[in-house]
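Hi everyone, and thanks for making the time.

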Amino acid sequence: MQISSIIRRAVAGVAAASMLVAVAACGTSKDNKTAGGEGGGTIEVVASINQWGSVAKDLGGSHVDVTNIMTKTNVEAHDYEPTSQDVAKFGTAKVAVVNGADYDPWASKAASATKATLVTAAETAGIKEGDNPHVWFSAKVRNNTADAITAAYQKADPSHKDDYAKLNKEWHAKEDQLESKIKDASAKTKDVPYAATESVAWYLADDLGMKDATPTGYAQASANESEPTPSDIKAFQDALKGGSIKMLVFNTQEANSTADQITGAAKSANVPIVELTEQMPKEYTNLLDWMSVLVDQFAKA
């Protein structure tokens with residue numbers, strides 16, 4: 001993430017904060033459909049990003065109405081600038097699901113001004129601001145977040161508590177299948193040194209037992225949201241050419257001239273490249289299905 005991204009995040013945070021009074025007012029609207037068990041309607045749920053929204057939908061079934069704020073892969077949540085309509089959606093929600101770890105601060109601020117029960121995915125596993133925020137790639141975070149969402153539903157709509165428990169059990173069965181697939185794939189990926197143009201899939205690679213061999217200077221620049229130096233880029237290219245890196249992970253949402261240099265070096269050295277995005281692509285409606293496809297890509301690379 002570049003310096004301009006940091007500025008945009010700050011602007012987005014100010015914009016979200018300036019809308020909080022309006023959001024709070026919206027939260028008391030009689031048009032709110034979030035009565036759940038009390039009023040017989042569905043629970044209104046808002047998710048900052050579509051991958052967590054898909055989990056929220058799976059866990060709520062016909063009892064919930066889920067609205068995803070971000071649904072496209074051409075913009076990062078870091079850089080997203082919410083509209084007044086986006087922020088107002090938090091005011092009419094009974095449950096809000098955000099990523100946390102400073103990935104979507106605009107959403108956390110919007111939700112904090114409402115009466116919605118807030119589920120912050122990163123916090124369910126003790127992941128804090130400054131840590132890697134791409135937590136939907138983590139099996140632990142997915143499991144913990146699913147349970148937190150179910151608890152929020154049961155609190156909002158106790159008359160359907162057993163339904164939510166059943167849906168939670170069904171979701172975990174699918175997650176267990178994914179984790180079994182990850183375990184099987186790790187027979188090929190364990191201890192394989194990989195490098196990444198950005199650490200977006202770090203948690204998935206860790207679950208697969210892989211070793212992050214991204215050159216230190218480049219990795220630190222990426223973590224600090226600054227531009228890598230020419231020597232950092234050269235060290236990365238040399239490592240690819242030298243054969244110490246066996247796979248390159250490329251976040252296509254962060255395509256730029258620097259990434260072009262790195263991917264070009266990987267292609268020249270015949271290093272396999274796994275391409276992915278941060279946000280869940282539109283061809284998927286389910287986070288677990290998307291993760292399953294990515295596991296296959298890592299295993300085949």
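Let's begin with Lys-128 and Asp-131, whose side chains form a salt bridge with 3.8 Å from N to O. By salt bridge I mean a side-chain nitrogen of Lys or Arg within 4 Å of a carboxyl oxygen of Asp or Glu. A quick word on the background: this is a predicted model, where local features need pLDDT of at least 70 and side-chain atom pairs count only at pLDDT 80 or more, while totals for chains, interfaces and linings use all residues. Residues are numbered from 1 along each chain as its sequence is written, and side-chain values use heavy atoms, with hydrogens and water left out.

How open are these two partners? Lys-128 counts as exposed at 53% relative accessibility, whereas Asp-131 is partly exposed at 33%. For these words, buried is under 20% relative accessible area, exposed is over 50%, and partly exposed is in between, with a 1.4 Å probe and protein chains only.

Another of them joins Lys-181 and Asp-296, at 2.9 Å from N to O. This pair connects distant parts of the chain, since Lys-181 sits in helix α7 (residues 161-189) and Asp-296 in helix α12 (residues 287-300), 115 residues apart. Helices here are DSSP runs of H or I with at least four residues, strands are runs of E with at least two, and both are numbered from the N terminus. Lys-181 is partly exposed at 27%, and Asp-296 is partly exposed at 29%.

Next, Lys-234 and Asp-238 meet in a salt bridge at 2.8 Å, N to O. Why are they about one helical turn from each other? Because they are four residues apart in helix α10 (residues 230-242). Lys-234 has 47% relative accessibility and is partly exposed, and Asp-238, at 37%, is partly exposed too.

Now to the aromatic rings. The whole structure holds seven aromatic pairs. Rings of Phe, Tyr and Trp (its six-membered ring) pair if their centres lie within 6.5 Å; planes under 30 degrees apart are stacked, over 60 edge-to-face, and the rest tilted. Tyr-80 and Trp-106 have ring centres 5.1 Å apart and planes at 50 degrees, so this pair is tilted. Tyr-80 lies in the loop between β2 (64-70) and α4 (84-91), and Trp-106 in helix α5 (residues 105-112), 26 residues apart. Both Tyr-80 and Trp-106 are buried.

Tyr-153 and Tyr-164 form a tilted pair as well, 5.4 Å centre to centre with 45 degrees between the planes. Tyr-153 belongs to helix α6 (residues 139-156) and Tyr-164 to helix α7, 11 residues apart. Tyr-153 and Tyr-164 are both buried. There is also one aromatic cluster made of Tyr-103, Trp-136, Phe-137 and Trp-290.

Finally, which elements each supply at least two residues of the lining of the largest pocket? They are β5 (193-196) and α9 (216-223), and α9 gives the largest share, four residues.
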